[in-house]
Amino acid sequence: MRYISTRGEAPALGFEDVLLTGLATDGGLYVPESLPHFSVEEIRSWRGLPYAELAYKVMYPFVEDAIPADDFRKMLGETYSVFSHQAVAPLVQLDTNEWVMELFRGPTLAFKDFALQLLGRLLDYVLEKRKQHVVIMGATSGDTGSAAIEGCRRCEHVDIFILHPYQRVSEVQRRQMTTVQGDNIHNIAVKGNFDDCQRMVKESFGNQSFLGGKTQLAAVNSINWARIMAQIVYYFQASLALGGPDRSMAFSVPTGNFGDIFAGYLAKKMGLPISQLVIATNRNDILHRFMSGNKYEQHQLEHTLSPSMDIMVSSNFERLLFDLHGRDGAAVKDLLERAAKGPVSIEDYRWKHARKLFDSDAVDDKTTCDTIRDIYEKNEYLLDPHTAIGVRAARNCRRDSTVPMITLGTAHPAKFPDAISESGLVVKPQLPAHMADLFEREERYTVLDNNVSEVQGFIAKHWKNA
Ligand SMILES: *Cc1c(COP(=O)(O)O)cnc(C)c1O
């Protein structure tokens, strides 16, 4: 399997190189040159497989040039054994033919564990083979940082530096990052905001000379193809559990960076019968505005009760735009260069095609809280605010009540207690047993000024073989 850039100029790469690179050298994102396609008979034959085994069936075509089958199977077995539910991604029923898929049974209680638990193992495997070392540098507003740290804590060939905005992440989120012990884990609290952190990361990827040529940077945000790949699997899992592929499914996906929903789009292209995909956003609704009016335009960032979806530009949307433009990299490059300067539209027939593929909705904080309260009152089931947005959008956009509607449950409610109390509920979501002592654990992090040379100096000094 070869991977090509959405902007058409960077060289095609194999899986190992795609895993170790961030953006392509032309500024694009890597996508598979072609997708595997599974027949209905083949998918049906996967019924009843344990999650890790299903993951092997779905993902192996993407990695087969780089990893022998037995090694990959073993890696997947380890990856998904750290989840706290035997089904890994269990389904919970909300109403007749309506479900939530709980993707928050991993170590950090958000769906990002599905990909980052695997990514850490993939990196170490490939780096061991190549006798190489990387420094992961990433910025987080919350969930990505902790999932990446948990995913890489045992990696021998990886040092990880996560930048978070000092005093601007929730206490649960901070503690999930700063209480993980390990010589290769470094938390940096930057005296600035999330955008400052992200800018420093971008700048450092652009010029890595501060590492003295002795190691290189690797990316853990969802521009990394391996993350998208791992997220395709649970669409198959949910479908098979509810009678697929002999009936089609609808999915509603709380979205910020368009990563998780893009994985659903790929599952459909790979042969899984999916009749509806709903893009669910909060007030940061660039995707919903594009889907409703064919205008792609950045607005000011708003802070909402669903912070993991507080995003102005949706980086993975570029991967969809590439397909919408018949995989013409030059057209995508031109469009995104214009989009950086102001609002853009695409040709009408391309936009109409996008509207056939996706429905969309934007849900504000008040409606999010109403949904949390409503579901709790009717079902005694607590939704986190991101999942609540998905459930609300699913109900608003649903086309056919005979098709099972599955909302991706992206986080555990205990991660976002503020939204629960804003909903007027007195119930307090409890952290699961393995995290019950989170507030007693020792924290480790370094506070640095909002200054890129200071941050780079810190990294240069503290990675393992510095
Ligand atoms: C990251 C995240 C999202 C958004 O996922 P994307 O892949 O960026 O669309 C939604 N909910 C939660 C809880 C998250 O952590």
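In what order do the six strands of the open sheet with mixed pairing stand? The order is β3-β4-β12-β9-β10-β11.

## Basis of the description

The model is predicted: local features need pLDDT of at least 70, side-chain atom pairs count only at pLDDT 80 or more, and totals for chains, interfaces and linings use all residues. Residues are numbered from 1 along each chain as its sequence is written, and side-chain values use heavy atoms, with hydrogens and water left out.

Helices (H or I, at least four residues) and strands (E, at least two) are DSSP runs numbered from the N terminus. Two strands pair if DSSP finds at least two bridges between them. Axes are lines fitted to C-alpha atoms, for helices over the stretch in contact, and angles run from 0 to 180 degrees between N-to-C directions.

## The six-stranded sheet

In the mixed sheet of six strands, the edges are taken by β3 (91-95) and β11 (359-362). Each has a single partner strand, so one side of each is left without a neighbour in the sheet. From one strand to the next, the twist averages 25°.

Within this sheet, β4 (residues 98-102) and β12 (residues 405-409) are joined by five bridges in the parallel sense. Glu98 stands opposite Met405 of β12.

## The five-stranded sheet

A sheet of five strands, also open, runs in the order β8-β5-β6-β7-β13 with parallel pairing. Its edge strands are β8 (216-218) and β13 (446-448); each has a single partner strand, so one side of each lacks a neighbour in the sheet. Direction ignored, neighbouring strands are turned by 30° against each other on average. Strand β7 (residues 185-190) pairs with β13 over three parallel bridges, and Thr446 in β13 is the bridge partner of Ile188.

Helix α6 (residues 143-152) packs on this sheet and is in contact (heavy atoms within 4.5 Å) with β5 (134-139), β6 (158-165) and β7. The direction of α6 makes about 165° with that of β6. Helix α8 (residues 194-206) also packs on the sheet, touching β5, β6, β7 and β8. For α8, the angle with the direction of β5 is about 150°.

## Ligand surroundings

The ligand is surrounded by 15 residues, counted when one of their heavy atoms lies within 4 Å of it. The closest are Lys112, Asp143, Gly256, Asn257 and Thr410. By class, the shell has five nonpolar, seven polar and three charged residues; Ala, Val, Leu, Ile, Met, Phe, Trp, Tyr, Cys and Pro count as nonpolar, Asp, Glu, Lys and Arg as charged, and the others, Gly among them, as polar.

Polar contacts are pairs of N or O atoms within 3.5 Å. A polar side-chain atom of Lys112 is 2.5 Å from an oxygen atom of the ligand. Of the 390 Å² of accessible area that the ligand has on its own, the protein covers 97%, by the Shrake-Rupley method with a 1.4 Å probe.

## A helix pair

Helix α10 (residues 259-269) packs against α12 (residues 317-324) at an angle of about 35°, and their axes are 10 Å apart. Phe262, Tyr265 and Lys269 of α10 make the contact with Arg319, Leu320 and Asp323 of α12. These residues divide into three nonpolar, no polar and three charged.

## Backbone details

The peptide bond from Gly244 to Pro245 is cis, with omega near 0°. Pro245 is in the loop between α9 (225-241) and β9 (249-254). Lys131, in the loop between α5 (112-130) and β5, has a phi near 50°, a positive value in a residue other than glycine.

Terms used. Polar contact = N/O pair within 3.5 Å; in protein donor to acceptor, adjacent residues only side chain to side chain.
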